[in-house]
Amino acid sequence: MLSRPADKDDLNGKTFHQNIFDASSFLPEAFVDLLIADPPYNMRKCYNGTSFSRRTEDEYEEYTERWISSLKHTLKPNASVYICSEWQCSGAVQRAASRHFSIQNRITWQREKGRGAKKNWKNSSEDVWFCTVGSKYTFNVESVKQKKKVIAPYRDNLGEPKDWQREGENAFRLTHPSNIWFDITVPFWSMAENTEHPTQKPEKLIAKLILASSNEGDFIFDPFLGSGTTSVAAKKLGRKFAGIEQEEYYCCLAEKRLENAGESQSIQGYKDGCFWDRNCL
Ligand SMILES: C[S@@+](CC[C@H](N)C(=O)[O-])C[C@H]1O[C@@H](n2cnc3c(N)ncnc32)[C@H](O)[C@@H]1O
């Protein structure tokens, strides 16, 4: 728990059990290269006994405004910020974020899993807003190219492969990553990364954000850490990291996962420096 102003070296590698609104004023100035925020969405949800209740859109915007304002001093001038949301709160997040940052893009993640509805479309996508503090920022496009199987390998007039390469029996192409992500599943119970956290993000999704928007040794910070996905992916990818989470049990899940990440650096769906299309590996 932070109870006095902290130095960035004191934070590195740590999980803090605290409410972000109580901790933010103790965080140092300009230490964050990349902030990944996955706050409670605007719906009733119980996090280990603590409920987040649905509020009006204006109230959710005000809540978003409050946490962004409380953390702005921690960002470096060239920092990037990703904020997770879904359709019911995406508008509020966009409005609040645009008052503080330049919005560069909105990633839509097809989460797949979702509760079916009798009188509506099943809700199975999420948004991730990509924002930057200024006009200079890190974006390593080569690190997040996607490896796709080529179904009909095309050759040019000389018979050479056109934009693909052969690996064993298969032909693959490295493609630029778009802002629609179909290639990532939620951490199903059968996956090693799965925990009891009700809204755990996949490591592959967070790894993509980290690889694109930071360099090795940069500092990644997550104010709504949950089960620790951001810290775990950051550790596996050689970044500095810290996270804050208000539920003690989730802090323990995060610490356990960080301990395991010391033994295995693998991230499902990311191999040999490439993000593989689903079912390609
Ligand atoms: C959507 S979940 C994040 C899940 C996380 N990305 C993961 O992969 O496990 C939001 C988390 O924020 C925590 N939380 C909610 N309000 C908070 C606050 N004011 N300060 C710190 N943590 C908070 C909740 O307990 C919950 O674990």
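**Entry 1: the model**

I am working from a predicted model.

**Entry 2: the ligand shell**

I started with the ligand and listed its neighbours. I found 22 residues around the ligand. The closest are Asp 38, His 197, Ser 227, Thr 229 and Glu 245. I then sorted the shell by class. It holds 9 nonpolar residues, 9 polar ones and 4 charged ones.

**Entry 3: polar contacts to the ligand**

Next I looked up contacts atom by atom. On the oxygen side, I noted His 197. A polar atom of the His 197 side chain sits 2.8 Å from a ligand oxygen. His 197 is also on my list of closest residues. Then I turned to nitrogen. The side chain of Asn 19 places an N or O atom 3.0 Å from a nitrogen of the ligand. Gln 246 uses its backbone instead: a polar backbone atom there is 3.2 Å from a ligand nitrogen. On its own, the ligand has 610 Å² of accessible area, and the protein covers 97% of that.

I moved on to helix pairs. For each I wanted two values, since a packed pair is described by the angle between the axes and the distance between them.

I took α5 with α6 to begin. Helix α5 spans residues 203-213, and helix α6 spans residues 229-236. Their axes come within 9 Å and cross at roughly 60°. I therefore logged α5 and α6 as oblique to each other. The crossing of α5 past α6 is right-handed.

Then I paired α6 with α7, which covers residues 248-263. These axes also come within 9 Å, with a crossing angle of roughly 20°. That angle falls under 35 degrees, so α6 and α7 are roughly parallel to each other. I noted a right-handed crossing for α6 and α7 too.

**Entry 4: helices α3 and α4**

Which way does α3 pass α4, left-handed or right-handed? I looked up the geometry before answering. Helix α3 runs over residues 57-71 and helix α4 over residues 87-98. They pack at about 40°, and their axes are 9 Å apart. The pair is therefore oblique. The crossing of α3 past α4 is right-handed.

Key:
Residues are numbered from 1 along each chain as its sequence is written. This is a predicted model: local features need pLDDT of at least 70, side-chain atom pairs count only at pLDDT 80 or more; totals for chains, interfaces and linings use all residues. Side-chain values use heavy atoms; hydrogens and water are left out. A residue is near a molecule or strand if one of its heavy atoms lies within 4 Å of it. A polar contact is a pair of N or O atoms within 3.5 Å; within protein, one must be able to donate a hydrogen and the other to accept it, and residues adjacent in sequence count only if both atoms are side-chain atoms. Accessible areas come from the Shrake-Rupley method with a 1.4 Å probe; for residues, only the protein chains shown count as cover. Ala, Val, Leu, Ile, Met, Phe, Trp, Tyr, Cys and Pro count as nonpolar, Asp, Glu, Lys and Arg as charged, and the others, Gly among them, as polar. Axes are lines fitted to C-alpha atoms, for helices over the stretch in contact, and angles run from 0 to 180 degrees between N-to-C directions. Helices (H or I, at least four residues) and strands (E, at least two) are DSSP runs, numbered from the N terminus. Angles under 35 degrees count as roughly parallel, over 145 as roughly antiparallel, 65 to 115 as roughly perpendicular and the rest as oblique. A crossing is left-handed if the near helix is turned anticlockwise from the far one by less than a right angle, and right-handed if clockwise.
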